[in-house]
Structures are given as C-alpha cells and as structure tokens.
Amino acid sequence: MAFDFDASVMWDSVPILMTGIRLTIIITIIGLFFGFIFGATAGLLKLSRNVLLRKLAGAYVESIRGTPLMVQVMFLYFGLPMAVGMRIPPLTAGIVTIALNSGAYIAEIVRGAVQSINPGQMEAARSIGLTRFQAMRYVVWPQALKRMIPPLGNQFIISLKDTSLLVVIGVGELTRTGQEIISVNFRAFEVWLTVAIMYLALTMTISKILSVVEEKVFHVKR
Amino acid sequence: MPMIEIKNLHKYFGDLEVLKGIDLSIEQGEVVVIVGASGSGKSTLLRCINKLEELTSGEILVDGYSLTDKSTDINMIRTEAGMVFQQFNLFPHMTTLQNVTLGPLKVRRMKSAEANKFGMELLKKVGLEDKAKVYPDQLSGGQKQRVAIARSLALRPKVMLFDEPTSALDPELVGEVLEVMKTLAREGMTMVVVTHEMGFANEVADRVIFVDDGVILEQAPPKEFFSNPQFERTRTFLGKVQNPNAG
C-alpha cells in the first residue's frame with residue numbers, strides 16, 4: 001500500500017485546529033498564572049521560619065511531583081465528584097490541574113533562586129532598617145526573579161505540552177481537536193504533523209518571549 | 001549615657017562559645033577600633049550590636065534602647081547603627097543612587113525628590129556623585145565600599161559599625177575608603193571598627209580593643225596600646241600584624 005502524502009489535508013485541518021490552539025493557549029496562560037502564584041507562595045513558605053508552613057508547602061510539592069499529571073486530572077474530574085457529588089466542568093478541571101501541577105515545580109524553582117542569593121544581601125537590607133518583608137520585596141526577590149527566568153521558561157514549555165494530556169477528560173484543546181479530525185478523515189500522518197508544528201510554534205513563542213524579557217527587563221546579555 | 005553599652009555578652013554558635021562575657025561601653029563621638037586574630041570573635045561582637053546575630057545571653061543597649069527588650073523596634077536600632085560589610089553587599093540590581101536612597105525611601109518614608117537630593121549629597125560626600133547612575137558591577141572595590149558607607153549614612157545613624165571594611169580591597173584602594181572613614185571620625189561620628197589596618201587605628205582611634213578568644217583582653221588609647229601592650233598575647237598578635245613576614 002503506497003502512502004500518498006496530501007498537503008491539502010494539512011491546510012484543511014488548520015481552521016479546526018485553531019479552535020484547539022485557542023483553548024490550549026487559554027489553559028496554559030490561566031494555568032501558569034495561578035501556577036506561578038501557587039509556586040511563589042509554596043516556594044517562599046518552604047523558606048519560612050515556621051515549621052508547620054514549611055511542612056505544608058513540602059507536602060504539596062511532594063504529592064504533586066510524585067504523581068502523574070494524567071492521574072491528577074482524572075482524580076479531579078472523575079474521582080472527586082463521586083466523593084463530593086459535584087462535577088467540575090472539564091475546562092476548569094484542566095486549568096486547575098495545570099495550575100496545581102506547575103505550581104509544585106515552580107515552588108522548587110522559586111526556592112532555589114531565592115536561596116542562591118547571597119545572604120549578605122538580606123543582611124545589608126536588614127542593616128538599613130528594612131523589615132524582612134521589605135528586604136525580600138526590594139532586594140532579594142528582584143535578583144532571584146532574574147535567576148528564575150531560564151528554569152521558568154523550561155517549566156512553561158513543559159506545562160504547555162502537558163495540556164495535551166487533558167484529552168483524557170475531553171477538553172477540546174489542540175491534541176483533542178487533532179484526534180477528532182482524524183476520526184473523520186483517517187489522515188493521521190498529515191494531521192499529527194500539523195499538530196506537532198503548532199505545538200512547536202507555541203513553545204518557540206514562549207522561548208522568544210522569555211528571552212526578550214531577560215534582555216529588556218533584566219539586561220541579561222546573550 | 002553611653003552610646004553603646006554591652007553587659008556580660010555571651011554568644012554561642014551551637015556548642016561553640018564565641019563570646020565569653022563581653023563588657024564594653026562606648027561613648028558618643030568615640031572611635032573604637034577592635035583588633036584580634038581571625039576567629040577571636042571580633043566580627044561576631046560587632047554583628048551583635050545591630051542584632052545581625054542573636055545574643056545568647058547578656059544585654060546590649062544602643063542609645064539607651066535594649067536589644068533584648070521585646071518592646072524595642074529592632075529595625076529602628078538598625079537605622080541607628082549603620083553597618084558596613086567586608087564584602088560591600090551592594091544591591092547589584094540598583095544604581096548607586098538607588099542603593100543609597102532605598103533606606104530613606106522605604107524606612108524613612110522620604111519623598112522621592114528629597115531622597116534623591118539627599119542621596120546625591122551623600123554620594124558627593126564619598127566622592128562619587130559622578131557615579132550616581134552606574135550599577136555596582138561597574139565600580140572598583142574601593143568605590144563600592146564608599147557607596148556602601150553612603151548607603152548606611154543615608155539613615156542618619158548615630159553609630160557606624162565597620163566589619164573589616166578594607167579587607168576585601170586591593171591594597172591601592174584601601175586609602176580612599178580609610179579617607180572617608182577619617183572624615184566621618186573628624187565629624188564626630190561614633191564608630192566601631194573591626195580592622196587589621198593598624199595605621200588607621202593609631203591615627204584615628206580613641207581606644208583600641210584587643211579581643212582574644214572571646215574576651216576583651218586589653219584596651220587602651222592607641223599610643224599606649226601599640227607602644228606598651230600589657231599582655232604577651234597582645235604583643236604576639238601585634239608582632240604578627242606589624243611584621244607579617246617575620247616569624
């Protein structure tokens with residue numbers, strides 16, 4: 001059986017795939033927005049002087065990092081409703097999963113970056129009378145943020161690709177849209193190739209945005 | 001009332017007793033130089049004065065306020081006692097002017113224009129008004145330390161604490177930092193200086209304190225301290241720092 005590559009299939013699938021891309025972008029942006037808030041909070045709590053807060057943040061990070069994202073999303077969407085008797089819409093479940101999941105990894109990125117700042121910076125800030133919070137906000141955090149950019153970029157790209165796992169709960173994101181097209185036209189090669197190119201375009205956009213941020217905001221030379 | 005009063009200060013790091021009962025009183029306007037071998041506890045003593053180290057026991061009063069009293073605002077004490085570090089610890093993401101004005105802006109709640117004007121005065125005082133817009137990584141070590149001094153002065157402290165301010169500098173850059181410190185001393189600033197610069201101690205100090213193994217072994221005005229040390233340990237130490245190549 002000869003394989004007959006048909007480029008027009010790729011072009012024809014683009015309009016439908018665009019609706020999937022739209023959802024992928026929405027899930028990624030909202031998910032990572034909350035993921036960063038969760039991560040920054042948990043990361044800073046891990047550095048807290050309060051043992052209970054440290055343990056709490058640690059438990060969050062460990063439990064999320066130690067379980068597969070697909071299990072997390074199925075637990076949230078199929079499992080939890082059985083216990084609480086209320087079903088969350090798939091899109092919400094997907095966004096919450098991405099936020100919780102990326103947050104656990106971002107927590108470690110934040111903790112590592114903050115710890116990498118010389119303790120002399122905190123001491124100098126405290127010695128001019130800044131409170132611990134002010135010293136963190138004006139002195140340590142801005143420097144740590146600069147160091148976070150490369151690993152954050154990594155995590156953003158991973159999380160974007162992880163949204164493809166949301167097919168299991170039927171969120172109509174890019175991968176799901178691809179599956180749906182193939183179920184009608186059976187052109188797996190062309191459609192998956194198109195889907196792959198679209199993911200690549202998205203992840204390259206993230207890389208580009210972050211390198212511009214590094215250069216313009218943090219004056220990192222490349 | 002003394003500017004700084006230290007009563008029976010003990011400091012442990014774990015099981016290690018670093019300060020073994022320090023009593024010290026420093027008057028307003030006095031310049032005290034603390035010398036001693038590395039590991040003798042002199043830097044720890046200095047760091048206790050603005051509570052960068054927790055005291056294990058004993059009491060320290062700065063301008064009459066007790067560091068151990070729960071009602072004392074520790075951030076207020078820190079603005080009263082400016083600290084200059086061996087490693088400068090300038091904030092690398094801020095210009096020199098921003099380094100200097102951060103305290104006035106955030107701690108003293110000064111208006112931006114006023115803080116900038118005051119910051120420029122201080123940079124001028126340390127001879128660096130032309131470097132206001134420059135980031136610390138473009139400065140020499142001596143320039144960095146002068147900015148760090150200006151940053152501390154920006155809180156209008158009553159005491160300045162110097163923790164080996166010239167030890168990380170290339171020899172040719174030591175002089176410019178000592179000059180700034182001498183100016184401060186002449187203006188009547190109360191200063192506590194941990195240093196190995198015996199020339200500075202001799203010229204500027206009102207009193208030299210020798211810390212050995214966690215206690216103040218002896219203290220005297222510099223002429224007396226350098227010409228006629230009372231203890232053998234002091235003589236040995238002075239012999240080593242004054243003739244580093246001998247013995």
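Which residues in the largest nonpolar core touch the most other members? In this predicted model, where local features need pLDDT of at least 70, side-chain atom pairs count only at pLDDT 80 or more, and totals for chains, interfaces and linings use all residues, side-chain values use heavy atoms, with hydrogens and water left out. Residues are numbered from 1 along each chain as its sequence is written, while chains are lettered from A and ligands numbered from 1 in the order in which they are written.

The residues in question are I6(B), L9(B), I149(B), F162(B), M181(B) and M191(B), within a core of 122 residues. A nonpolar core is a set of buried Ala, Val, Leu, Ile, Met, Phe, Trp, Tyr and Cys residues joined through side-chain atoms within 4.5 Å; buried means under 20% relative accessible area, exposed over 50%, and partly exposed in between (1.4 Å probe, protein chains only). Helix α6 of chain A (residues 132-162) supplies the largest share of this core, 12 residues. A second, separate core has 12 residues, including V73(A), Y77(A), I95(A) and I98(A).

M181(B) is in contact (heavy atoms within 4.5 Å) with I149(B), F162(B), P165(B), M191(B), V193(B) and F200(B), leaving aside neighbours within four places in sequence.

Chain B as a whole has 9 helices and 10 strands, assigned as DSSP runs (H or I, at least four residues, for helices; E, at least two, for strands) and numbered from the N terminus. Its radius of gyration is 18 Å, which agrees with the value near 18 Å for a compact globule of 247 residues; the radius is taken over C-alpha atoms, and the globule rule is 2.2 Å times the number of residues to the power 0.38. The C-alpha atoms of chain B fill a box of roughly 55 × 45 × 35 Å along the principal axes. Of the 247 residues of this chain, 56% count as buried. Among its contacts between residues at least 6 apart in sequence, 65% join residues at least 24 apart.

R146(B) sits in helix α5 (residues 141-153) and counts as buried because its relative accessible area is 11%. Outside four places in sequence, R146(B) touches V126(B), G127(B), L128(B), E176(B), V177(B) and V180(B).

H10(B) belongs to strand β1 (residues 4-13) and is also buried, at 18% relative accessibility. Its C-alpha atom is separated by 5.6 Å from that of T56(B), 46 residues apart along the chain. T56(B) is also among the residues that H10(B) touches beyond four places in sequence, together with E17(B), L19(B), K20(B), G21(B), L55(B) and S57(B).
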